[in-house]
Amino acid sequence: MRKKVIIANWKMNKTRDEALDFIYMVNDKMPDQNKVSTVVCAQAILLRCLVKRQGDNLRIGAENMFYKDEGAYTGEISPVVLKSTGVEYVILGHSERRNLFMESDEMINLKVKAAINHGLKPILCVGETLEQIDDADKVIDDQLRKCLDGVSDISSIIIGYEPVWAIGTGKSADAKIAEDRISKIRKILNDMYGAVSNEVSIVYGGSVSPNNIRSFLNEPNIDGALIGNSALDPNKYVEMVLAAIE
Ligand code: PGA
């Protein structure tokens, strides 16, 4: 049985005080449970102070990192330093990184390998843009195979299926379509890695909210959600975790 995962992606939001308020509130309201993994991904500069306050019921992740351990890469985040902060997860290949910061599948592939080498759990994002919607299966297949090229162990990876047109738009994908795409992702993983693919958590992301999260969680292949806007609010975040526990 795969555990459900509810991941908040705060993006470039929240001050240090706002971030701490969120963590205190959520720690307070979160029931003791082991059915759902809960992760909050925040800006790099906030990670250490959040990690100090993480509990078993709330783990912390980064939103990005570089693939080199050290060197002349001004402004980048070393996986070694990330690991030393106590962070457990790292989002890689988010569409905002792909589109605004020109990250290629090849670069994301190097990052995935670096994360695994340093004992970080990658949350690897794939998904089609609106222009690519008619070729979505092929686009996703291509992204997955390139981003996982040479990766031999996928046991620590979470895959996020995030149709780019659904991110931050308030227009989520239909749960049945998301299920179809995610079951195809699982088939590709099966083709690449065999039976272990059944243990990989694959989550949906794109305008998930307390109102629609159940429709995704009810689908057999959707193991949770990657949530931006709605996960900025601690009450909504807890509500979505509770929906996954039900
Ligand atoms: P959203 O963002 O929930 O605001 O659509 C999701 C994401 O970017 O991961």
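Where is K52 found? K52 is found in the loop between α2 (47-51) and β3 (59-62), where helices (H or I, at least four residues) and strands (E, at least two) are DSSP runs numbered from the N terminus. This is a predicted model, in which local features need pLDDT of at least 70 and side-chain atom pairs count only at pLDDT 80 or more, whereas totals for chains, interfaces and linings use all residues. Residues are numbered from 1 along each chain as its sequence is written, and side-chain values use heavy atoms, with hydrogens and water left out.

**View A. The loop that holds K52.** K52 has a relative accessible area of 57% and is therefore exposed (buried means under 20%, exposed over 50% and partly exposed in between, with a 1.4 Å probe and protein chains only). From C-alpha to C-alpha, K52 and D137 are 41 Å apart in space, and 85 residues apart in sequence.

View B. A side-chain N or O atom of E162 is 2.6 Å from an oxygen atom of the ligand, while backbone N or O atoms lie 2.7 Å from a ligand oxygen in S207 and 2.9 Å from one in N229. Of the 280 Å² of accessible area that the ligand has on its own, the protein covers 98% (Shrake-Rupley method, 1.4 Å probe).

**View C. Two residues with positive phi, M102 and S207.** M102, in the loop between α4 and α5 (105-117), is not a glycine, yet has a positive phi of about 55°. S207, also a residue other than glycine, has a phi near 55° and lies in the loop between β7 (201-205) and α8 (213-217). M102 counts as exposed because its relative accessibility is 62%, whereas S207, with a relative accessible area of 19%, is buried.

Note on methods:
A polar contact is a pair of N or O atoms within 3.5 Å; within protein, one must be able to donate a hydrogen and the other to accept it, and residues adjacent in sequence count only if both atoms are side-chain atoms.
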